[in-house]
Amino acid sequence: MASEPACGSRLRLAFMGTPDFAIPAFDALRAAGHEIAVVFTRAPKPAGRGRTLHKTPVHRAAESHGIPVLTPERLGEERHVSLLAGCDAAVVAAYGLLLPTRVLAAPRLGCFNIHASLLPRWRGAAPIQYCIMAGDRESGVSIMQMDAGLDTGAVVRSERIELPDTITGGQLHDRLARLGARLVCRALDGIAPGRDGPVPPPASGVPHAPRLTPRDGRLDWHRPAGELERKVRALDPWPGAWCTLDGERLKVLEARVVASGRTDRPGTVIDRSLAVACGDQALRLLRVCRPGRRAVAVPDFLRGRAVEPGSVLD
């Protein structure tokens with residue numbers, strides 16, 4: 001077996017990532033002097049009216065530095081394993097593909113995932129959104145040595161942050177992306193000489209954060225207003241919270257809880273400032289967006305689209 005590199009050694013890495021979340025880590029690893037020998041990312045997808053193929057943010061970043069890019073639909077081919085076997089480690093950040101066992105075992109030191117939660121809390125694809133929707137008072141990043149399970153590997157390093165009760169999904173995404181970039185560099189310094197001992201995860205009682213779709217953004221007015229306010233923040237900017245008004249989808253970008261002693265049917269507009277009755281209390285909509293329009297403050301929305309008290313949002 002090859003000898004372990006000395007503390008502070010620069011490693012030969014494979015980088016596996018797709019969206020903007022992965023870019024700070026990609027940049028930080030290069031700035032720390034590690035060699036990114038190859039990048040794996042998702043294949044370009046058609047977007048826009050012309051259905052032009054768009055490369056992922058990680059794809060574009062790698063090409064700008066002359067780093068070879070692979071975009072397999074699935075992993076496990078012999079050439080993938082061979083490329084990874086030539087690396088000290090693989091760093092994974094929101095890649096979007098499962099890594100089979102032979103891929104996980106190929107790099108000399110293993111594969112390490114930057115996960116946007118305090119594992120084992122919120123395993124899965126959408127930890128940022130579920131953390132806010134649940135009302136968690138803290139979040140963080142875990143650097144996990146990957147195994148064949150879904151976010152079940154041992155945590156080699158983690159760091160937590162406190163969450164203000166106004167934070168949105170987009171704001172937390174950016175904070176954790178920056179934190180993950182710093183943390184993975186520190187983790188690699190500890191992993192290489194074998195100084196950081198992994199923390200085994202618990203076997204049960206772990207909450208999951210499954211992948212979200214636009215359908216998950218629908219507001220159920222029978223739920224408490226506080227829960228809906230967190231949902232609005234958590235799903236900003238994607239997939240977005242929404243309801244329907246006279247059959248038209250209305251995206252809700254900002255809202256706040258207001259006291260209400262009324263007993264209106266949930267979903268009923270209770271005043272001329274667009275407060276909506278909920279299962280408990282009411283939710284005042286503050287910023288909304290109609291299909292094909294720009295987002296506007298509710299007073300501006302109401303100047304062009306009157307919504308009378310007693311109207312019902314589906």
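Trainee: Is R79 buried or exposed?
Mentor: R79 is exposed, at 51% relative accessible area. Keep in mind that this is a predicted model.

Trainee: Which side chain does R79 meet in a salt bridge?
Mentor: That of E77. The N to O distance is 3.1 Å. E77 is partly exposed, with a relative accessible area of 42%.

Trainee: How many salt bridges are there?
Mentor: The count comes to 17. Among them is the pair K55 and E63, at 2.9 Å from N to O. K55 is partly exposed at 34% relative accessible area. E63 is partly exposed too, at 40%.

Trainee: Now D236. Where does D236 lie?
Mentor: In the loop between α7 (225-234) and β12 (241-245).

Trainee: What is the nearest side chain of opposite charge to D236?
Mentor: R287, 4.4 Å away. D236 is buried, yet has no salt bridge.

Trainee: Which residues does D236 touch?
Mentor: Leaving out residues up to four places away in sequence, D236 touches T168, G169, G170, L253 and R287.

Trainee: Switching to cysteines. How many disulfides turn up?
Mentor: Zero, in a search of the whole structure. C87 is in no disulfide, and its nearest cysteine sulfur, that of C111, is 9.5 Å away.

Trainee: C87, buried or exposed?
Mentor: C87 is buried, at 2% relative accessible area. C185 also counts as buried, at 14%.

Trainee: Zooming out. How many helices and strands?
Mentor: Eight helices and 16 strands. The C-alpha atoms fill a box of roughly 75 × 45 × 30 Å along the principal axes.

Trainee: What share of the residues counts as buried?
Mentor: 49% of the 314 residues. The protein exposes about 15300 Å², and carbon and sulfur atoms supply 50% of that area.

Trainee: What about contacts between residues at least 6 apart in sequence?
Mentor: Of those contacts, 64% join residues at least 24 apart.

Trainee: Last one. How many positive and negative charges?
Mentor: There are 43 positive and 33 negative charges. Their mean positions are 4 Å apart.

Terms used:
Residues numbered from 1 in each chain as written. Predicted model: local features only at pLDDT ≥ 70, side-chain atom pairs only at ≥ 80, totals over all residues. Heavy atoms only, no water. Disulfide = S-S within 2.5 Å. Buried < 20%, exposed > 50% of the residue type's maximum accessible area, 1.4 Å probe, protein only. Helix = DSSP H or I, 4+ residues; strand = E, 2+ residues; numbered from the N terminus. Lys, Arg positive; Asp, Glu negative; His and termini not counted. Salt bridge = Lys/Arg side-chain N within 4 Å of Asp/Glu carboxyl O. Contact = heavy atoms within 4.5 Å. Areas by Shrake-Rupley, 256 points an atom, 1.4 Å probe, with all protein chains shown as cover. Charge placed at Lys NZ, Arg CZ, Asp CG, Glu CD.
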